[in-house]
Structure formats: C-alpha cells, structure tokens
Amino acid sequence: MHSINKIGRSFWYITPVSVTDRPILGMVVGLNKTLMIDAGNSEEHANYFLSELLKRGVPNPDLVVLTHWHWDHIFGLSAFSNIVSIASKKTKQEMEKLIPLSWSDEALDARVKEGSEIEFCANAIKEEYTEHRDISIVLPDLTFEKRVEIDLGGVTCFLQHVGGDHAADSVIVYIKEEKILFLGDCIYPDIFSRKQNYTIKETLRLLDELEAFDADTYILSHQKAISKEEFNKEAAMLRSIAKYTDICSGDKQKIMEKYEKSVKRELTEDERETIADFVNGY
C-alpha cells in the first residue's frame with residue numbers, strides 16, 4: 001500500500017510499491033509554482049498521487065520533471081496534458097525509441113526472449129496494466145543538457161544530469177532550502193545488461209558528483225527516504241567494494257575476503273550482491 005509523506009515545509013512524496021514497480025513520486029510546493037518529480041508508471045499511479053495531495057490542500061503541478069527514461073517513471077506522463085514536462089535531452093532520445101513498441105503480453109514476452117526487455121519489468125507492466133494496455137509514450141516539452149535552476153517561489157530546485165550505470169540519462173533534483181536530494185534510480189546498478197552490474201569508474205564519478213551537494217535527506221526511488229548518515233554509509237560501501245574490485249582484478253573471492261576483513265564482520269546479503277555486481281561489471 002502507498003502512503004503519502006511530507007518532509008520539511010515544501011516536499012511531499014508517495015511511497016513505492018514493488019509488485020507493480022511503482023517508484024516514489026515527489027512534489028515540491030513553492031509559493032508560485034509546484035514541481036512534480038517523475039510521472040509514475042501509469043496514469044492511475046500519477047492520478048492517485050495527485051488526488052491524495054489535493055485532499056491535503058496541495059495543488060496540481062505546474063511542471064513535471066522526469067529522472068530517466070525507464071517505463072516506471074514515464075508511462076504516467078500521458079495524464080499531464082496541460083502540464084509542462086522537463087527532461088534531459090538523453091531522456092527524450094531514449095523515450096523516442098519506445099514510441100513504436102507494442103506493450104501486449106506477446107510483445108513483452110518476445111522482447112524478454114530476445115534480451116531487449118527484462119522479465120522483472122515485463123511482469124510488473126502486466127501487474128500494473130491488468131484491465132487495459134493503452135500505453136501512450138508522451139515526449140517531454142522541454143529538454144536540457146546539464147543543469148536547470150527552477151525558482152518555485154521560496155524554494156529552489158536544481159535539476160542536474162548525472163548519469164550513472166543504471167541509466168546514462170539520469171537526472172537528480174536538489175531541493176536547496178530543504179536540503180533534499182532526489183536521486184531517482186541513479187545510484188542503482190545497470191539492470192538491462194546480460195548481467196546486472198556496476199562499473200568502477202562510473203560509480204566513483206557519480207559518487208563524487210552526488211557528494212558535492214549539501215543534503216540532509218536522500219530519496220531513492222524504490223526504497224525510502226534516508227538520512228545523510230545512511231547515504232554516506234551506502235556511498236562508503238560502494239567506494240570500498242569498487243576499490244577492492246580494482247585491487248583484486250575482479251576476483252570475487254578475494255574481494256569478499258578483503259571487504260570482510262575491512263568491516264570486521266560477516267557480509268550482508270546487500271554487500272554480497274553489490275560485490276557480484278562489481279565483478280560482473282569488471
């Protein structure tokens with residue numbers, strides 16, 4: 001089940017749902033304008049968020065920004081016909097490739113078989129769209145290359161293209177006055193390759209860029225809001241495993257031994273999976 005939460009004076013969000021792969025959607029409410037972050041994985045997802053916010057006195061958005069091109073963040077955009085949508089140029093380019101595709105069970109299964117779609121996404125689309133499959137890919141109205149600053153009135157949002165292994169077009173949203181950094185999926189591994197993976201160089205570059213922001217709260221689209229301390233812990237794990245992957249030339253057993261020695265305890269399931277992802281990407 002979803003819940004609607006508020007952080008600070010101006011940021012609202014809806015919690016994710018894993019079975020249909022519904023990510024967190026955000027809403028930044030300024031004195032003059034309102035910005036929604038991501039459009040949802042369906043019109044139902046987007047409209048539910050908006051209707052719940054209206055009950056709480058939050059107006060519909062004037063603008064919506066897309067964090068990247070993956071289906072669960074963009075399929076709801078068709079619900080926003082009168083709202084200006086913003087994305088990176090790379091996001092628009094990737095979305096254009098989706099326009100000719102069919103989303104029937106047969107088409108999804110065929111793409112999974114050929115390797116251009118992953119089974120998890122295909123299954124989630126089937127779960128989200130049980131009654132109809134009239135999916136319309138709507139392209140963003142405005143695009144940018146690196147960075148955009150938006151003054152909503154009393155609250156400023158910085159949209160910045162950061163890329164990453166998960167999606168090369170990833171954009172983050174920094175809500176300056178609230179010290180909130182909306183990461184989207186940027187810190188996750190690449191799930192579309194033959195083997196899920198992290199690469200050393202790209203992970204370290206991305207972390208350098210993210211750590212330059214003065215944030216107290218971090219939003220990861222498929223988890224929960226986390227503190228600066230929790231983010232720093234996650235970043236330290238990624239940096240450490242990246243370092244040992246390099247030192248050990250991608251040897252999984254050696255990486256596990258070195259990392260276990262450094263943390264002085266047994267490895268968690270998450271750490272084991274992260275090591276496997278770095279080995280795959282080496």
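Tutor: Happy to. A salt bridge here is a side-chain nitrogen of Lys or Arg within 4 Å of a carboxyl oxygen of Asp or Glu. This is a predicted model, in which local features need pLDDT of at least 70 and side-chain atom pairs count only at pLDDT 80 or more, while totals for chains, interfaces and linings use all residues. Residues are numbered from 1 along each chain as its sequence is written, and side-chain values use heavy atoms, leaving out hydrogens and water.

The structure holds 15 salt bridges. Let us start with D208 and R239, whose closest N and O atoms are 2.6 Å apart. This pair ties together distant parts of the chain, 31 residues apart: D208 belongs to helix α6 and R239 to helix α7 (residues 228-247). Helices (H or I, at least four residues) and strands (E, at least two) are DSSP runs, numbered from the N terminus. Is this pair buried or exposed? With 48% relative accessibility, D208 is partly exposed, and R239, at 26%, is partly exposed too. For these words, buried means under 20% relative accessible area, exposed over 50% and partly exposed in between, with a 1.4 Å probe and protein chains only.

D214 sits in the loop between α6 (200-210) and β12 (217-220), K179 in the loop between β10 (171-175) and β11 (180-184), and 35 residues separate them. D214 is partly exposed at 41%, as is K179 at 30%. In K97 and E94, the side chains meet at 3.2 Å, N to O; here K97 counts as exposed at 53%, while E94 is partly exposed at 25%. Beyond pairs, there is a network of salt bridges that links K146, E202, R205 and E209.

Now to the sheets. Two strands pair if DSSP finds at least two bridges between them. Axes are lines fitted to C-alpha atoms, for helices over the stretch in contact, and angles run from 0 to 180 degrees between N-to-C directions.

β9 pairs antiparallel with β8 (residues 147-151) over five bridges, and V148 stands opposite L159. Four residues separate β8 and β9 in their hairpin, and G153 in the turn has a positive phi of about 100 degrees. β9 and β10 also run antiparallel, joined by five bridges, and Q160 has I172 as its bridge partner in β10.

The other open sheet has seven strands, in the order β1-β2-β3-β4-β5-β6-β7, again with mixed pairing. Here β1 and β7 (142-144) are the edge strands. β4 and β5 (residues 63-65) run parallel, joined by three bridges, with V65 in β5 as the bridge partner of I37. Helix α3 (residues 89-96) packs on the sheet, touching β6 (84-88) and β7, and its direction makes about 100 degrees with that of β6; contact means heavy atoms within 4.5 Å.

Helix α1 (residues 43-55) lies across β1, β2, β3 and β4, at about 40 degrees to β3. Its buried residues are H45, A46, F49, L50, E52 and L53. Because they cover an arc of only 165 degrees around the axis, they are on the same side of α1; the arc is that of the directions from the helix axis to the C-beta atoms. These buried residues pack against β1 (4-7), β2 (11-14), β3 (25-29), β4 (34-37) and α5 (119-128). After α1 comes G57, whose phi is positive, near 80 degrees.
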